[in-house]
Amino acid sequence: MKRTGGEESFRGIWLLLLGFCAAAAAVLILCLTAKSRLPDIVDRRLTAAEEAEVIGRNSPLIDYVYLSPNADFPRGEAISRLTIHHMADNLGLEDLGAAFAQRDRQASANYAIDSGGEVALYVEEANRAWTSSSRENDNRAVTIEVANDEIGGDWHVSGEAYEKLLELCTDICRRNGIEELRYTGGTDGNLTLHKMFSSETECPGPYLERRMGEIAAEVTRRLREP
């Protein structure tokens, strides 16, 4: 029996719908599989005991923990450098944590410091945060976001944030066996900037960029203290 044009069209629509449903099912399965591979402590509020355990294997300077799903578990290489970023905003630690919890954002950082000098952990040091537009850099670096108390212009950061940045960098280096922090203005140093890996950003802004040599020297001085 010869098919009519309408029947052929109807059959084509059904095949198209079936193909769409199959593709949607495949995407859902991939999403569920990826979620199942995430550590249990990621993307949820932790108990006090869990939080203490997480802080115990990262920096003792941490005041707030919310672990982002936007990371590689674990990182691909040993920690050998730091990368300092600015928030380009004056966000609180919970607000930044909520942003990093959004999977479609595809962004995170290991640590952040707010304008009051408090520290958050979003990706444990053992894991790679998605921060610097460079998988190679982020596999080797602990990344730190710093809040700005001036939006635009020089992108200034508060004195409290700057001092805590020095403390956090010193602590990270000491625990990871980095004996000297070197800023060369290029990727050959072990203190790097986001803008080194992307032409689309000026991160960490003029204020922090001007102080990178000072940060490296002061952290190294503290590391060499008896």
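Student: So a pocket is an open set of points on a 1 Å grid over the protein atoms alone, with protein on both sides within 12 Å along at least five of seven lines; what volume does the second largest pocket have?

Tutor: In this predicted model, where local features need pLDDT of at least 70, side-chain atom pairs count only at pLDDT 80 or more, and totals for chains, interfaces and linings use all residues, its volume is about 230 Å³, meaning the space filled by probe spheres set on points joined across faces, edges and corners.

Student: Which residues of its lining are closest to the centre?

Tutor: They are H86, M87, F100, R105 and E145, out of 14 lining residues (those with an atom within 4 Å of a point). Strand β3 (81–86) and helix α3 each give two or more residues to that lining; helices are DSSP runs of H or I with at least four residues, strands runs of E with at least two, numbered from the N terminus.

Student: Changing topic, how many aromatic pairs turn up?

Tutor: A search of the whole structure finds one: F100 and Y122 pair edge-to-face, because their ring centres are 5.3 Å apart and their planes stand at 80 degrees (centres within 6.5 Å; under 30 degrees stacked, over 60 edge-to-face, the rest tilted).

Student: And where do the two sit in the chain?

Tutor: F100 belongs to helix α3 (residues 93–100), while Y122 lies in the loop between β5 (119–121) and β6 (128–129), so the pair links distant parts of the chain, 22 residues apart.

Student: Is F100 buried or exposed?

Tutor: F100 is buried, at 3% relative accessible area, and Y122 is buried too, at 0% (buried is under 20%, exposed over 50%, partly exposed in between, with a 1.4 Å probe and protein chains only). Residues are numbered from 1 along each chain as its sequence is written, and side-chain values use heavy atoms, leaving out hydrogens and water.

Methods:
Phe/Tyr/Trp six-rings, centres within 6.5 Å; stacked < 30°, edge-to-face > 60°. 1 Å grid on protein atoms, 1.4 Å probe; cavity = no way out; pocket = protein on both sides within 12 Å on 5 of 7 lines; lining within 4 Å.
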